[in-house]
Amino acid sequence: MPRKKKNFTFTTLEGVEYEVIFRKPDKRTYKDADGVCYAPDENSPKIYISPHLTKQSELNTAIHEFCHAFFWDKTESEVYKFANSLSRFLYNYCKWRKQ
């Protein structure tokens, strides 16, 4: 039986450790969100990313949620603009793809 892959973890510049989980965010709280980043002051903060996205949307959502984790003080529109620009550059211009 294959072993389950461990979730990815990372630490922000402030020393907060996040766990990344590929699971759709709770619809009751987050409606149709593709991802969510919990506040850095939460106990064991997590990032949830829907596993049902296109490769380009998954890349964009991952960048978006990681940006929230590292730059919690930025507004949603600032994070949105940054994530869209970077993911468009990586996916469309550099042709980066998930293997």
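1. The side chains of Ser 87 and Asn 60 make a polar contact at 2.8 Å. A polar contact here is a pair of N or O atoms within 3.5 Å; within protein, one atom must be able to donate a hydrogen and the other to accept it, and residues adjacent in sequence count only if both atoms are side-chain atoms. The model is predicted: local features need pLDDT of at least 70, side-chain atom pairs count only at pLDDT 80 or more, and totals for chains, interfaces and linings use all residues. Residues are numbered from 1 along each chain as its sequence is written, and side-chain values use heavy atoms, with hydrogens and water left out.

2. Ser 87 is located in helix H3; helices (H or I, at least four residues) and strands (E, at least two) are DSSP runs, numbered from the N terminus. With a relative accessibility of 4%, Ser 87 is buried (buried means under 20% relative accessible area, exposed over 50%, partly exposed in between; 1.4 Å probe, protein chains only). Setting aside residues up to four places away in sequence, Ser 87 touches Leu 59, Asn 60, Ile 63 and Asn 92, where contact means heavy atoms within 4.5 Å.

3. Four salt bridges are counted, a salt bridge being a side-chain nitrogen of Lys or Arg within 4 Å of a carboxyl oxygen of Asp or Glu. One of them joins Lys 46 to Glu 19, with 3.5 Å between the closest N and O atoms. Lys 46 lies in strand E4 (residues 46-49) and Glu 19 in strand E2 (residues 17-22), so this pair ties together parts that are 27 residues apart in sequence. Glu 19 is partly exposed, at 24% relative accessibility.

4. Strands E2 and E4 also pair with each other, in the parallel sense and over four bridges; two strands pair if DSSP finds at least two bridges between them. Val 20 has Ile 47 in E4 as its bridge partner. Strand E3 (residues 35-37) runs antiparallel to E4, and three bridges join the two.

5. A salt bridge between Lys 98 and Glu 58 has an N to O distance of 2.9 Å. This pair links distant parts of the chain, 40 residues apart: Lys 98 is in the segment after helix H3 (76-93), and Glu 58 is in helix H2 (residues 55-70). Lys 98 is partly exposed at 48%, whereas Glu 58 is buried at 14%.

6. Lys 27 and Asp 32 form a salt bridge at 3.8 Å, N to O. Lys 27 is exposed, at 58% relative accessibility, and Asp 32 is exposed at 60%.
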